[in-house]
Amino acid sequence: MAAEYTECLLENKFHEDCPGCKVDQLKRLRRGFPFSELLTVWLIVLCTALPISSLFPFLYFMIGDFNIAKKEEDIGFYAGFVGCSFMLGRTLTSVVWGIVADRYGRKPVILIGTASVVIFNTLFGLSVNFWMAIITRFCLGSFNGLLGPIKAYAMETFRDEYQGLALSAVSTAWGIGLIIGPAMGGFLAQPAKQYPSLFSEESVFGKFPYFLPCLAMSCFALLVTIISLRIPETLHNHKIDDDASSPDESFDTSKVLSHDPESHEVTDRNEKSSLLKNWPLISSIIVYCIFSLHDMAYTEIFSLWANSPRKYGGLGYSSADVGSVLAISGFGLLIFQLSLYSYAERLLGPTMVTRISGSLALVILSTYPLIAKLSGLALTLSLNCASVAKNVLSTSAITGLFILQNRAVRQDQRGAANGIAMTAMSLFKAIGPAAAGIIYSWSEKRLDAAFLPGTQMVFFILNVVLALGVVMTFKPFLAQTQH
């Protein structure tokens with residue numbers, strides 16, 4: 001592997017002032033389980049993931065409070081635009097943050113990302129109209145570009161035998177953030193209505209009913225920002241001698257990053273060309289985008305479906321009820337990823353894990369229209385079991401694709417490679433909520449259709465997207481790097 005080759009070179013040529021060399025040296029000397037490093041990565045990713053989907057349990061009610069939807073069936077239409085604004089912002093800046101991470105280091109990008117949550121997520125909770133909500137979410141997405149750099153950081157901080165676990169921790173924290181965030185949103189939104197004995201209508205939380213969950217996440221992000229000040233930089237800031245080049249064609253003219261501006265111009269051109277010609281990387285990013293589109297669309301549809309009245313094929317749940325379901329799903333996901341995923345990945349490989357997870361998720365998702373016909377205890381048990389299984393399978397599939405992407409490039413390209421992946425993924429995730437909101441709003445107007453009436457059409461379309469992703473995991477489309 002190119003990264004291993006680079007580390008082998010650095011063993012023979014240690015640069016005392018290079019932070020990347022110091023981290024490599026610590027890796028070789030470190031023994032035992034890297035618990036503190038794993039926890040730090042987990043907290044950083046959780047911090048950035050929490051706000052992404054936290055609005056979905058209360059977004060239906062928030063749009064209603066803005067009085068912008070003329071009819072109840074139109075709420076989903078407007079909700080989609082607020083939901084997609086975060087990912088639209090990230091689409092426009094992800095490559096920039098990846099380049100910044102490769103040139104100036106992973107740590108500055110991580111600190112900017114966590115600090116942006118503190119500022120813009122707080123402002124979103126104070127939104128008084130539709131456009132303020134869209135602008136604050138867009139800014140949050142634009143400055144929160146740390147997912148790509150943190151994956152590169154995880155690969156560079158951990159020894160080879162723990163790299164699978166490191167990326168599993170990234171995807172686990174990401175997946176749990178996408179579940180616990182909405183759970184917090186459901187439990188803490190409208191506190192004056194849910195907990196009148198603790199919060200009055202005249203308090204700031206009564207006047208701004210969606211501020212409390214945002215404030216809680218921003219406080220957590222502030223704590224993570226302070227913790228992140230202590231993490232080491234992992235980027236090498238020196239050149240490797242010309243005679244130390246690799247025979248591998250992919251390990252070509254851009255050696256290891258230098259801080260010389262002219263060498264950066266050459267490096268950036270060669271790097272861009274190399275990455276775009278790297279089919280194992282590009283194919284894994286394309287499959288990743290399809291799964292991400294499905295995942296984000298599902299996240300919005302699940303909350304809209306659960307909040308919608310029974311007469312429209314929904315479950316009639318409150319935001320707190322949705323929060324309970326998602327909290328249980330998050331706990332189940334945490335147990336699976338920390339105890340079973342690494343064994344499954346070693347036994348089957350990341351490609352097979354992604355393929356199997358996607359196939360099983362198709363079956364689970366097909367049961368959702370039937371679950372809507374249940375009530376009482378049967379509904380509660382069926383919905384919780386299906387939600388846990390669906391989220392475990394989705395996160396497992398994306399974890400496998402994380403691993404394939406990072407194995408396809410060398411160390412000094414990981415920031416840019418993950419930036420490209422983030423840009424493409426963010427574009428698809430921006431499309432997801434907008435399309436999901438429009439489709440869901442349309443489905444509520446065709447309850448008497450002869451073919452797939454109401455929400456049956458919504459879940460059918462979700463399954464079509466997921467099936468496309470599964471098909472693309474087979475050869476010849478998905479290629480893997482030979483080590």
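Ile150 touches Val41, Ile44, Val45 and Ile110, leaving aside residues up to four places away in sequence, where contact means heavy atoms within 4.5 Å. This is a predicted model, in which local features need pLDDT of at least 70 and side-chain atom pairs count only at pLDDT 80 or more, while totals for chains, interfaces and linings use all residues. Residues are numbered from 1 along each chain as its sequence is written, and side-chain values use heavy atoms, with hydrogens and water left out.

**Helix α8**
- Eleven of the eleven residues of helix α8 (residues 147-157) are buried, that is, under 20% relative accessible area with a 1.4 Å probe and protein chains only.
- Among these buried residues of α8 are Leu147, Ile150 and Met155, as well as Lys151 and Glu156.

**Nonpolar surface patch**
- Leu347, Leu348, Met352, Ile356 and Leu360 make a nonpolar surface patch of about 460 Å², and α16 gives the most to the patch, with three residues.
- Patch residues have over 30% relative accessible area and no salt bridge, and nonpolar side chains are joined within 5 Å; a salt bridge is a side-chain nitrogen of Lys or Arg within 4 Å of a carboxyl oxygen of Asp or Glu.

Key:
Buried means under 20% relative accessible area, exposed over 50%, partly exposed in between (1.4 Å probe, protein chains only). Helices (H or I, at least four residues) and strands (E, at least two) are DSSP runs, numbered from the N terminus. Patches are made of residues with over 30% relative accessible area and no salt bridge: like charges are joined within 9 Å, nonpolar side chains (Val, Leu, Ile, Met, Phe, Trp, Tyr) within 5 Å. Accessible areas come from the Shrake-Rupley method with a 1.4 Å probe; for residues, only the protein chains shown count as cover.
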